[in-house]
Each structure stands twice: as structure tokens, then as C-alpha cells.
Amino acid sequence: MGYTLNFSAVWRSFDRLLAGLGLSLMLAVVAILIGCAIGLFVAFALRSRSSWLRSPAALYVTVIRNTPILVLVLFTYFALPQLGVRLGKIESFVATLAAYSGAYLAEVFRAGLISVPPGLREAGLAIGLTEMQIRTSITLPVMLRNVLPALSSTFISLFKDTSLAAAIAVPELTFEARKINVETFRVVETWIVASCLYVATCTVLAVLMREVERRLRIPR
Amino acid sequence: MSAVEPLSFLDHLWLARMPLLRGLGFTVTISFLAIVAGSLLGIVVGLALTYGAWPLRWLARLYTDFIRGTPVLVLVLASFYVLSTVGLQLSPFQAGVFALAVFCSSHVGEILRGALQSIPVSQTEAAKAIGLTFPQTFAYVLVPQAIRQILPTWVNTAAEMVKASTLLSVIGVGELLLSTQEIISRTFMSLPFYFLAGALYFAINFGIERFGKYIEHRTTISA
């Protein structure tokens with residue numbers, strides 16, 4: 001069957017795709033920032049000596065990691081209002097993605113914490129630092145450098161997960177692409193352009209993170 | 001005259017047992033087909049990435065990077081809309097399984113490449129020295145070592161596929177999530193039914209995760 005590519009209809013709506021991409025990026029950045037805070041806290045909780053901290057943290061990570069994110073998104077948006085928690089579309093999605101990324105980032109940070117040699121903590125104790133000082137000025141900086149590669153792939157996969165916001169009609173890139181698809185029937189072109197925008201953004205993110213890794217590397 | 005008692009969650013659950021079970025069956029079938037097809041395709045991709053001549057390797061790299069850079073939801077929607085436009089008449093089920101299999105193949109390909117490349121070159125050289133041909137080296141030296149690395153990660157990918165199968169609800173495949181949504185739109189009990197769906201997915205994936213841990217335990221060579 002013949003199908004002639006004609007991108008003009010898609011170019012006419014290109015600014016909508018770009019606006020969608022902007023919203024996708026914004027959702028990802030806000031959710032990841034909150035997720036990093038949750039992830040750090042949970043990672044320390046997972047390594048703590050008290051089981052009152054450890055067990056809830058482990059439960060949180062296991063439950064979130066084994067539940068599909070689409071179910072979480074729909075649950076937060078459609079089911080939580082029955083418990084009296086009523087959030088707007090964007091707030092609800094950001095909250096879900098933040099909770100979701102928190103669990104994944106907690107695993108990344110936990111692996112990073114394990115990789116910090118125990119000698120560093122002991123050295124901190126020897127020069128009279130408190131446990132909190134050791135955490136903020138020794139463990140964290142060393143751990144962050146170690147986890148950067150894993151962090152960048154988690155960031156990229158979380159950025160891709162913003163496409164699920166389309167399911168609750170948040171006008172991000174996938175939602176806009178779907179609308180343009182239905183309006184113009186330029187099916188092939190729309191999805192080629194949308195995928196290329198995602199791939200390009202992911203590539204830029206990967207390059208940026210590699211640059212950060214290079215900058216932060218300890219010179220030998 | 002007494003008012004009709006409104007049905008409780010358990011009544012609705014009993015009424016909806018067949019659609020829910022059918023949805024669960026669909027979810028398992030979709031994930032299974034996608035994992036099998038994706039892994040077979042992924043083995044080809046992984047081999048092309050590791051041993052292909054440069055044009056083939058370059059093509060395989062382009063394929064994996066493109067697929068891995070695109071959200072699964074976009075792959076699902078694109079495969080649903082695009083394939084029918086270019087003349088392939090696929091049902092939503094077929095288009096969805098196709099998209100998931102393609103997604104799975106790019107992951108399996110990368111896992112396989114990583115595992116094969118992590119085997120020291122000296123192993124291949126030693127095999128050459130004792131006169132093994134490349135197929136023999138591959139079957140007796142490389143595969144047994146690579147498989148230990150691949151299996152745990154591969155089981156994780158399987159859990160990913162079960163989670164990704166929820167995305168097929170968007171194109172109207174009646175798997176567990178869509179059945180749940182249909183029941184909710186009839187009963188308006190979004191809280192218990194979404195919770196139930198979440199719990200079912202959790203149960204499946206938790207089982208897969210435990211299985212992965214077990215496999216990992218069995219395949220590590222104790223030092």
C-alpha cells in the first residue's frame with residue numbers, strides 16, 4: 001500500500017509538540033528533585049540499625065518497584081479522592097512520579113552507600129565528627145560520585161515515564177502527539193516526530209550527565 | 001417497603017470475577033508472548049551488537065538506542081496507529097504485543113552484549129589455542145559464562161514486561177487494568193478495585209522478583 005509522507009501538518013502543530021516536551025521536562029525535573037530527597041532519606045533508612053526505620057523503607061521500595069506505574073498514576077488520580085485527597089492532574093502526576101522515582105533512586109543511593117568504604121566513617125569519627133556531620137560531609141559526596149552513572153540512566157527512564165501523564169490527560173508530549181494524530185490523520189509522521197523528540201531529549205540528557213560525571217571526577 | 005441494600009465491594013467483586021480473571025489471563029499471555037518473542041529477537045540483536053560486521057553493528061546500535069530512547073507508551077501507540085496505516089492490519093492485541101516485544105528485544109540485546117563483552121578476551125584466545133572453532137567457542141566457553149550474568153537481569157526484564165503490559169489498556173486490549181477500569185466505571189468503586197489490581201500486579205511481580213533472587217543465588221559460583 002502506498003503512503004506518502006507529508007510532514008507539513010505536523011510542522012504546523014510543531015509548537016504544540018514543543019510545548020508538550022517542555023511540560024514533560026518540567027514534570028520530570030520536579031518529580032526527580034522530590035524523588036531524590038525521598039530516595040536519599042529512604043536509602044539512609046534502609047541502612048539504619050533500627051528496624052523501625054528499615055522495615056517501612058523496605059516495604060515502600062518493594063511495593064513501588066513491583067507495581068506498574070500506570071496503576072499508581074490512575075490510583076493517585078482516581079482512587080485517592082475517595083479518601084479525601086483531591087489533587088489536580090499535574091500535582092497528582094508529579095506526586096506519583098516523585099513517589100515512584102523515590103523508590104528507584106533509593107535503590108541507586110543504597111548501592112552507592114554500600115560502596116563507601118567503612119574506613120571513611122571511622123576516620124570521621126576519629127577526628128571527632130558527629131554521625132550527621134559524617135553523613136553530610138563525607139558519605140554523601142563520596143556516594144554521589146559513585147552513583148552518577150546509575151543516576152543518569154534512572155533520570156532518563158523517569159523522563160520517559162512522564163509519557164504516562166497522557167493517561168490522565170496532562171498535555172505533555174505524548175498527549176499532544178496523540179491529539180495531532182487524531183486531528184490530522186498524519187499518523188506515521190506524528191509518531192516519527194514524537195519519537196525523535198524523545199530520543200533527542202534522552203540523548204541530550206545522557207550527554208549532559210556524562211559531562212557532569214567528567215567535571216566531578218577526582219583528578220588522578 | 002425496605003430499600004434495596006446497595007451492593008458491597010465483595011458483591012461487586014463476585015459479580016466481576018470472570019472479567020477480572022479474563023483480564024489477568026490476558027496480562028499473563030501478553031507478557032509471556034512479549035518476553036518469548038522479545039528474547040528471541042533480542043538474542044539476534046545482542047549478537048549483531050557484539051559480533052556483527054560494522055554496518056550490521058551500526059544498525060543494531062541505532063535500533064537499540066532508538067527503542068531505548070522512546071517511552072514504551074509511545075511505542076505502543078505508534079505500533080497501534082502506524083502499522084495499520086502502512087497496510088498491516090493488526091488487532092490491538094497483536095500491535096501491543098509487537099510493541100512490547102520490540103521494547104523487550106532492545107533490553108535483552110543490551111544485556112547480552114554487556115555479558116558477552118565482560119568475558120575476558122583471554123577466554124576466547126585460550127579456546128582458539130586449543131583449536132576450537134568460533135561456534136564451538138561460543139557454545140562451550142562464552143555462553144556458559146554469559147548465562148550466569150544474563151539470567152538475573154533477564155528475570156528483571158520479565159517483571160518489567162508485566163508492568164509494561166498495563167500500557168496496552170490505552171489501546172483497548174482487555175487486560176487486567178482495562179477490565180478493572182471497566183468495572184470501576186460501572187461500580188464507581190475506584191479505591192478498592194484499583195487497590196486490588198495493584199495488589200495482583202504486585203503479587204505477580206513479587207513472585208518473579210523472588211524467582212530472580214533464587215536464580216541469582218543458584219548461578220553464582222561461590223568464591
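Reader: How many helices and strands make up the secondary structure of chain A?
Author: This is a predicted model. From the N terminus on, the elements of chain A run α-α-α-α-α-α-α-α-α. The secondary structure of chain A therefore comes to zero strands and nine helices.

Reader: What does the C-alpha trace of chain A span along its principal axes?
Author: Chain A has 220 residues, and 39% of them count as buried. Along the principal axes, the C-alpha trace spans about 75 × 50 × 25 Å.

Reader: What share of the contacts in chain A with a separation of 6 or more comes from residues 24 or more positions apart?
Author: Take the contacts in chain A with a separation of 6 or more. Residues 24 or more positions apart account for a share of 78%.

Reader: How are helices H2 and H3 of chain A oriented where they pack: parallel, antiparallel, perpendicular or oblique?
Author: H2(A) covers residues 14-46 and H3(A) covers residues 51-65. They pack at an angle of about 125 degrees, with their axes 8 Å apart. Roughly perpendicular ends at 115 degrees and roughly antiparallel starts over 145. That angle therefore makes H2(A) and H3(A) oblique.

Reader: Which class supplies eight residues to the contact of H2(A) with H3(A)?
Author: H2(A) passes H3(A) in a left-handed crossing. On the H2(A) side, the contact is made by A:Val42, A:Ala45 and A:Leu46; on the H3(A) side, by A:Leu53, A:Arg54, A:Ala57, A:Ala58, A:Tyr60 and A:Val61. By class, there are no polar residues, one charged and eight nonpolar.

Reader: How do helices H2 and H7 of chain B lie: parallel, antiparallel, perpendicular or oblique?
Author: H2(B) is residues 17-51 and H7(B) is residues 134-164. Their axes are 9 Å apart, at an angle of about 135 degrees. An angle must be over 145 to count as roughly antiparallel. H2(B) and H7(B) are therefore oblique.

Reader: Is the crossing of H2(B) and H7(B) left-handed or right-handed, and what classes of residue are in the contact?
Author: The crossing is right-handed. B:Thr27, B:Ser31, B:Ala34 and B:Ile35 in H2(B) meet B:Ala158, B:Met161 and B:Val162 in H7(B). These residues divide into no charged, two polar and five nonpolar.

Reader: Which helix gives the most to the side of chain A that touches chain B?
Author: 32 residues of chain A are in contact with 29 residues of chain B. On the chain A side, H4 (69-79), H7 (131-161), H8 (173-184) and H9 (187-216) each supply at least two residues. By class, that side has 21 nonpolar, eight polar and three charged residues. With nine residues, the helix that gives the most is H9(A).

Reader: What ipTM does the predictor give the complex?
Author: Chain B averages a pLDDT of 92, and 98% of its residues score at least 70. For the complex, the predictor gives a pTM of 0.88 and an ipTM of 0.86.

Reader: Is A:Phe185 buried or exposed?
Author: A:Phe185 sits in the loop between H8 and H9 of chain A. Its phi is positive, near 60 degrees, in a residue other than glycine. A:Phe185 has 12 C-beta neighbours inside 10 Å. The cut-off is 12 or fewer, so A:Phe185 counts as exposed.

Reader: Is B:Phe188 buried or exposed?
Author: B:Phe188 is in the loop between H8 (176-187) and H9 (190-219) of chain B. B:Phe188 has a positive phi of about 60 degrees, although it is not a glycine. Because 11 other C-beta atoms lie within 10 Å, B:Phe188 is exposed.

Conventions: Residues are numbered from 1 along each chain as its sequence is written. Chains are lettered from A and ligands numbered from 1 in the order in which they are written. This is a predicted model: local features need pLDDT of at least 70, side-chain atom pairs count only at pLDDT 80 or more; totals for chains, interfaces and linings use all residues. Axes are lines fitted to C-alpha atoms, for helices over the stretch in contact, and angles run from 0 to 180 degrees between N-to-C directions. Helices (H or I, at least four residues) and strands (E, at least two) are DSSP runs, numbered from the N terminus. Angles under 35 degrees count as roughly parallel, over 145 as roughly antiparallel, 65 to 115 as roughly perpendicular and the rest as oblique. A crossing is left-handed if the near helix is turned anticlockwise from the far one by less than a right angle, and right-handed if clockwise. Two residues are in contact if their C-beta atoms, placed from the backbone, lie within 7 Å. Ala, Val, Leu, Ile, Met, Phe, Trp, Tyr, Cys and Pro count as nonpolar, Asp, Glu, Lys and Arg as charged, and the others, Gly among them, as polar. pLDDT is the predictor's confidence in each residue, from 0 to 100. A residue is buried if 20 or more other C-beta atoms lie within 10 Å of its own, exposed if 12 or fewer, and partly exposed in between; C-beta atoms are placed from the backbone.
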